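Here is a short report for someone meeting this structure for the first time. Take a look at the model, then read on.

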Amino acid sequence: MSIRTTHEIHQRRFGRNLGVGLALVAFVVIVFGLTVVKVTRGDFEPVTASEGQN
Amino acid sequence: MSDVSINSAIREDEASFGDFFALLKPRVMTLVVFTAFVGLLAAPVPVHPMVGFCAILFIALGGGASGALNMWWDADIDSVMKRTRKRPIPSGKVTGSDALAIGLALSALSVTMLTLATNPMAGAMLAFTIFFYVVVYSMWLKRLTPQNIVIGGAAGAFPPVIGWLAATGTMAVEPWLMFALVFMWTPPHFWALALFMRSDYDDAGVPMLTVTHGRRATRQHILVYTVLLSVLALGAAFTAIGGPIYLATSVVVNLMFLRGALRIWRRDEDASEADNFAVERAFFRLSLWYLFVHFGAILIEALLRPYGLGGWG
């Protein structure tokens, strides 16, 4: 007979896995959002020759 | 896999996600977040909301990482003290090596991400803060000197400086005023706690001022630091981070704080024990408000400045 009953420990493990999963998703969203902001603002634009001389 | 092997893999005290989160000292983190936020907004450089959000998040994460490393190092004394006995490591929910791994990983992540999100100066200052709190305070001086709280206060005072650096990328006097405010506030705050949680530090053998120099000396130290703090806090009202709102707030709160310190200084142990340290407890509660109100006033002055209302015009 297979084990079907969910022990409280299993719920705790699920909560832990869910927490880590959500933290990772949040991290991906944050890095993506930050990248969009930085690219839009031109933070990664190379210095042009004329600007470099100024 | 048999039923037996499944059951043997279950540990009743297995950590939940909340136990790992508790390693990051969330209550301390609220102070870090708030003071860093004020440092960021008080800076005279506008910050993109997304960059500002990331800066605060990674400063908080760095603070949490140093909290986890502190818990890893101090697990032995945490298990002795009543106040800290239920922390994840002494309660057996998280292992010391797990806490160390989480602390180191989050330290590296927070410093790297803050550098990428803002600038190398802010990242370097966060790295220095973690180093200062974990190595200089926790590992080196906490168990060596009764001035441990003063040094710990310095570690907790860096977040507004990091917030300022995240916005500007350069050093200035103003964030160090905010640093000084937290730095001078910490000793009276913690010594008041040590007065009414006394057996804790005795049992753990931490050279708290109450243990090494006696309770009378601690009461005197609280008064001296509170006087110095009040001078500093009121003086800051006339600098670039202050203004009329800050001054009015600071006068009221400092008068209350000074009154509390005076009452603590005047009392002896019999009087304190008679009312279960009511005055010391009230002073401790007020100290929590003290910092919140001062940084709140700095924040209001900073937010009003673009409209020509904040500061001394």
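How far apart do the C-alpha centres of domain 1 of chain B and domain 2 of chain B lie? The distance is 21 Å. This is a predicted model, and every value below is computed from it.

**The two domains of chain B**

Chain B is divided into domain 1, residues 16-171, and domain 2, residues 173-313. Where they touch, domain 1 of chain B contributes 27 residues and domain 2 of chain B contributes 27 residues. On the domain 1 side, three elements of chain B give two or more residues: α3 (26-42), α8 (148-156) and α9 (159-168). α8(B) gives the most to this side, with seven residues. By class, the domain 1 side holds 16 nonpolar, seven polar and four charged residues.

**Two partners of α3(B)**

α3(B) packs against α16(B), residues 278-304. It also packs against α9(B). The table sets out the geometry of each pair.

| Helix pair | Angle | Axis separation |
|---|---|---|
| α3(B) and α16(B) | about 25° | 9 Å |
| α3(B) and α9(B) | about 40° | 7 Å |

How are α3(B) and α16(B) oriented to each other, roughly parallel or roughly antiparallel? Their angle is about 25°. Angles under 35 degrees count as roughly parallel, and α3(B) and α16(B) are therefore roughly parallel to each other. Their crossing is left-handed. From α3(B), the contact takes F34(B), T35(B), V38(B), L41(B) and A42(B). From α16(B) come F295(B), I298(B), L299(B), A302(B) and L303(B). Nine of these residues are nonpolar, one is polar and none is charged.

The crossing of α3(B) and α9(B) is right-handed. Here α3(B) supplies V32(B), T35(B), A36(B), F37(B), V38(B), G39(B), L40(B) and A42(B). α9(B) answers with P159(B), P160(B), V161(B), I162(B), G163(B), W164(B), A166(B) and A167(B). The class count is 13 nonpolar, three polar and no charged residues.

**A covered helix**

How many of the residues of α9(B) are buried? The count is 10 of 10, and α9(B) is mostly covered. Among the buried residues are W164(B), L165(B) and T168(B). The cover includes α3, α4, α6 (96-117), α7 (120-141) and α10 (174-196) of chain B. Just after α9(B) comes G169(B), with a positive phi of about 80°.

Most residues other than glycine have a negative phi. Now consider the loop between α15 (269-274) and α16 of chain B, where N276(B) lies. F277(B) lies in the loop between α15 and α16 of chain B too. Phi of N276(B) is near 55°, a positive value in a residue other than glycine. Phi of F277(B) is near 60°, again positive in a residue other than glycine.

Which is N276(B), buried or exposed? N276(B) has 9, so N276(B) is exposed. For buried, the cut-off is 20 or more. F277(B) has 21 other C-beta atoms within 10 Å, so F277(B) is buried.

**Y225(B) and its surroundings**

Y225(B) sits in helix α13 of chain B, residues 214-236. Y225(B) counts as buried because it has 21 C-beta neighbours inside 10 Å. Which residues does Y225(B) contact, leaving aside its neighbours within four places in sequence? They are M184(B), P187(B) and P188(B). The C-alpha atoms of Y225(B) and H189(B) are separated by 9.9 Å. Along the chain, these two residues are 36 residues apart.

**Chain A and its contact with chain B**

Chain A has 54 residues, of which 0% count as buried. It has two helices and zero strands. In the contact between the chains, 11 residues of chain B meet 12 residues of chain A. On the chain B side, α1 (3-8) and α4 (49-73) each supply at least two residues. The largest share, three residues, comes from α4(B). This side of chain B divides into seven nonpolar, two polar and two charged residues.

Notes: Residues are numbered from 1 along each chain as its sequence is written. Chains are lettered from A and ligands numbered from 1 in the order in which they are written. This is a predicted model: local features need pLDDT of at least 70, side-chain atom pairs count only at pLDDT 80 or more; totals for chains, interfaces and linings use all residues. Domain bounds come from an automatic or database domain assignment. Two residues are in contact if their C-beta atoms, placed from the backbone, lie within 7 Å. Helices (H or I, at least four residues) and strands (E, at least two) are DSSP runs, numbered from the N terminus. Ala, Val, Leu, Ile, Met, Phe, Trp, Tyr, Cys and Pro count as nonpolar, Asp, Glu, Lys and Arg as charged, and the others, Gly among them, as polar. Axes are lines fitted to C-alpha atoms, for helices over the stretch in contact, and angles run from 0 to 180 degrees between N-to-C directions. Angles under 35 degrees count as roughly parallel, over 145 as roughly antiparallel, 65 to 115 as roughly perpendicular and the rest as oblique. A crossing is left-handed if the near helix is turned anticlockwise from the far one by less than a right angle, and right-handed if clockwise. A residue is buried if 20 or more other C-beta atoms lie within 10 Å of its own, exposed if 12 or fewer, and partly exposed in between; C-beta atoms are placed from the backbone.
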